[in-house]
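I opened a new notebook page for this model and wrote down what I looked up, in the order I went. Come along and check each entry against the structure.

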Amino acid sequence: MENKMLGFCAIAAVLGIISAATGFAGEATRVKASEVIVDYIDDTCVYPSSPALALGIVSAVFTIITRIYISISFGGAGCCRTDPNSTPVSKLLFVLSWVASVVAVVLLLAAAGLNNRQGGEVDSYGYIKCYVVKPGIFAAGAILALLSAVFGIAAYITVAPPTTQTNTYPAVALPMGTNVNPEKNPVPFPPQQYPPQQV
């Protein structure tokens, strides 16, 4: 059981770190407003090439892979588990993990899409508007992707381990002596179990 738990935590942590690292790399390589060139002849914005689009998509994909891995390892819908091993804390952490995953994927894909936007708009005053991703959107998605993995690992760890039941019969003391009649003082014996007969 310990090796299984350690293996799950290691894989979920690596997937979470990869999604966070690519999200932070997307933040570092995003197109800044100072890098956009305005072409006044065609009334367009010229954006430099940036790997932030690919990094944002890779980060979102790894966040989804982490979410799938945690859900499968956790045993399906962790918030709706009815087995006696799940605790309210594990259910809460599982829900927080889901919420963090969904918000992280939305932020990362939105930032990646806005980073790759070409063109521009001319406003009512005749000025050209060039759109860039605000600082911190990729980073917020990366932090939430990492928190999703952390919450998933914590939910997995807080699930109570299943209790193992052993069928042990209590020791029965038989009375000794000459005046003891077993028919008048019956001693309860556990039911005997016979192995199945082979035919």
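**Entry 1: a phenylalanine to begin with.** I started at Phe24, which counts as partly exposed because its relative accessibility is 40%. My cut-offs: buried means under 20% relative accessible area, exposed means over 50%, and partly exposed lies in between, with a 1.4 Å probe and protein chains only. Phe24 sits in helix H1. Helices (H or I, at least four residues) and strands (E, at least two) are DSSP runs, numbered from the N terminus.

**Entry 2: what I am looking at.** I noted that this is a predicted model, where local features need a pLDDT of at least 70, side-chain atom pairs count only at pLDDT 80 or more, and totals for chains, interfaces and linings use all residues. Residues are numbered from 1 along each chain as its sequence is written, and side-chain values use heavy atoms, with hydrogens and water left out. The pLDDT is the predictor's confidence in each residue, from 0 to 100. For this protein I found an average of 80, and 74% of the residues score at least 70.

**Entry 3: the overall layout.** I listed 4 helices and 4 strands. Read from the N terminus, their order is α-β-β-α-α-β-β-α. Of the 199 residues, 28% count as buried. I then looked at contacts (heavy atoms within 4.5 Å). Among those with a separation of 6 or more, 76% join residues 24 or more positions apart. The accessible surface comes to about 12900 Å², and 67% of it belongs to carbon and sulfur atoms. Such areas come from the Shrake-Rupley method with a 1.4 Å probe; for residues, only the protein chains shown count as cover.

**Entry 4: back to Phe24 and its patch.** Which residues form a nonpolar patch on the surface? I found Phe24 there with Ile17, Ile143, Leu146, Leu147 and Val150, and together they have about 500 Å² of accessible area. H1 and H4 are the elements that give two or more residues to this patch. H4 gives the most, with 4 residues. Patches are made of residues with over 30% relative accessible area and no salt bridge; like charges are joined within 9 Å, and nonpolar side chains (Val, Leu, Ile, Met, Phe, Trp, Tyr) within 5 Å.

**Entry 5: the salt bridge.** How many salt bridges does a search of the whole structure find? I got 1. It joins the side chains of Glu27 and Arg30, at 3.3 Å from N to O. The test asks for a side-chain nitrogen of Lys or Arg within 4 Å of a carboxyl oxygen of Asp or Glu. Glu27 counts as buried because its relative accessibility is 16%, and Arg30 counts as buried because its value is 10%.

**Entry 6: helices H2 and H3.** H2 (residues 52-74) has 23 residues and reaches 32 Å from first C-alpha to last, close to the 33 Å expected at 1.5 Å a residue. H3 has 28 residues and reaches 40 Å, close to the 40 Å expected. The expected span is 1.5 Å times one less than the number of residues. Buried residues of H2 include Gly56, Ala60, Thr63, Arg67 and Ile70. An α-helix has 3.6 residues a turn, so residues three or four places apart point the same way. The cover over the buried residues of H2 includes H1, H3 and H4. In H3 I noted buried residues including Leu93, Ser97, Ala104 and Leu108, and their cover includes H1, H2 and H4.

Entry 7: Not counting residues up to four places away in sequence, Asn115 touches Arg30, Val31, Ser50, Ala52, Leu53 and Val133. Leu53 is in H2 and counts as partly exposed because its relative accessibility is 25%. Beyond its neighbours within four places in sequence, Leu53 is in contact with Ala112, Gly113, Asn115 and Asn116. I also checked Leu53 against Leu108: they are 55 residues apart in sequence and 9.2 Å apart in space, C-alpha to C-alpha.

**Entry 8: a serine in H4.** My last stop was Ser148, found in H4. Ser148 is buried because its relative accessible area is 1%. Leaving aside neighbours within four places in sequence, Ser148 is in contact with Arg67, Ile70, Ser97, Ala100 and Ser101.
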